[in-house]
Amino acid sequence: MIESFHSSANGKFMKRIIIGITGATGILYGIRILELLKKNPAVETHLILSKPAVQTLAYETDMNLQAIKGLADQVHSNEDIAASVSSGSFQTEAMIIAPCSMRTLSAIAHGHSDKLIARAADVILKERRRLILMVRETPLHYGHLQNMLLVTQMGAIVAPPVPAFYHRPQSIDDIVDHTVGRILDLIHIEHNLVARWKDPLASSQ
Ligand SMILES: Cc1cc2nc3c(=O)[nH]c(=O)nc-3n(C[C@H](O)[C@H](O)[C@H](O)COP(=O)(O)O)c2cc1C
């Protein structure tokens, strides 16, 4: 169970979640996670976008950068290696990189913390907090697979955005929501995006 911490900013118990968005295809996943967490008053989000993520944004959505930044409570530059989230003393609970490029995966696997996304991920791992990497590439060569093994050995969760079809998705949003729901499960955030398989206690969609 992930414990919440007491945020002195508003006097409430909050979950502080870092969202990294990198230049792999699938920026919709990061955006959808931010949209859902924004509705949750018990969550404070810290967003970091890589430069290539800003490029893929233009290819893959009609949203502008400011609109995405507006979904987060705090936004940090990927160049700001002195940002709050670069220190383990700054209390956070989890980090999701959605999507995670092979470049950022490699940086994390080999401890290259020269950009804030990789540094924040390194901190999450050293503090034994939860790091979820929505790695995206296909097909995969030996180096990609080796890096996934390395980060898994360090404690990260490799969670590629691989769609499921048993829930009969009718749209891209259905596919994205199902995957995002399974990611939110990993950080114990309640949602009703996923019909729970054969669970009589769960409400159906
Ligand atoms: C449209 C587009 C799609 C891309 N898709 C992927 C991808 O799925 N996986 C990946 O590893 N890199 C992909 N790339 C390449 C990355 O953006 C590139 O390696 C970049 O250096 C990653 O840097 P970052 O990790 O700092 O975001 C894509 C690039 C573009 C322009």
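Student: At what angle do the axes of α4 and α5 cross?

Tutor: Roughly 45°, and the two axes come within 9 Å. Axes here are lines fitted to C-alpha atoms, for helices over the stretch in contact, with angles from 0 to 180 degrees between N-to-C directions. So α4 is oblique to α5. Angles under 35 degrees count as roughly parallel, over 145 as roughly antiparallel, 65 to 115 as roughly perpendicular, and the rest as oblique. One caution: this is a predicted model, where local features need pLDDT of at least 70, side-chain atom pairs count only at pLDDT 80 or more, and totals for chains, interfaces and linings use all residues. Residues are numbered from 1 along each chain as its sequence is written.

Student: Which residues make the contact between α4 and α5?

Tutor: From α4, T104, A107 and I108; from α5, I117, A118, A121 and D122. Contact means C-beta atoms, placed from the backbone, within 7 Å. By class, that contact has 5 nonpolar, 1 polar and 1 charged residues. Ala, Val, Leu, Ile, Met, Phe, Trp, Tyr, Cys and Pro count as nonpolar, Asp, Glu, Lys and Arg as charged, and the others, Gly among them, as polar.

Student: And α4 with α6: left-handed or right-handed?

Tutor: Left-handed. The crossing of α4 and α5 is right-handed. Left-handed means the near helix is turned anticlockwise from the far one by less than a right angle; clockwise is right-handed.

Student: Which residues meet there?

Tutor: M102, L105, S106, I108 and A109 in α4 meet H144, N147, M148, L150 and V151 in α6. They divide into 7 nonpolar, 3 polar and no charged.

Student: Which residues of α4 are buried?

Tutor: T104, L105, A107, I108 and A109. Buried means 20 or more other C-beta atoms within 10 Å of the residue's own, with C-beta atoms placed from the backbone. Their cover includes β5 (94-100), α5 (116-126), β6 (130-135) and α6 (142-154). Helices (H or I, at least four residues) and strands (E, at least two) are DSSP runs, numbered from the N terminus.

Conventions
A residue is buried if 20 or more other C-beta atoms lie within 10 Å of its own, exposed if 12 or fewer, and partly exposed in between; C-beta atoms are placed from the backbone. Two residues are in contact if their C-beta atoms, placed from the backbone, lie within 7 Å.
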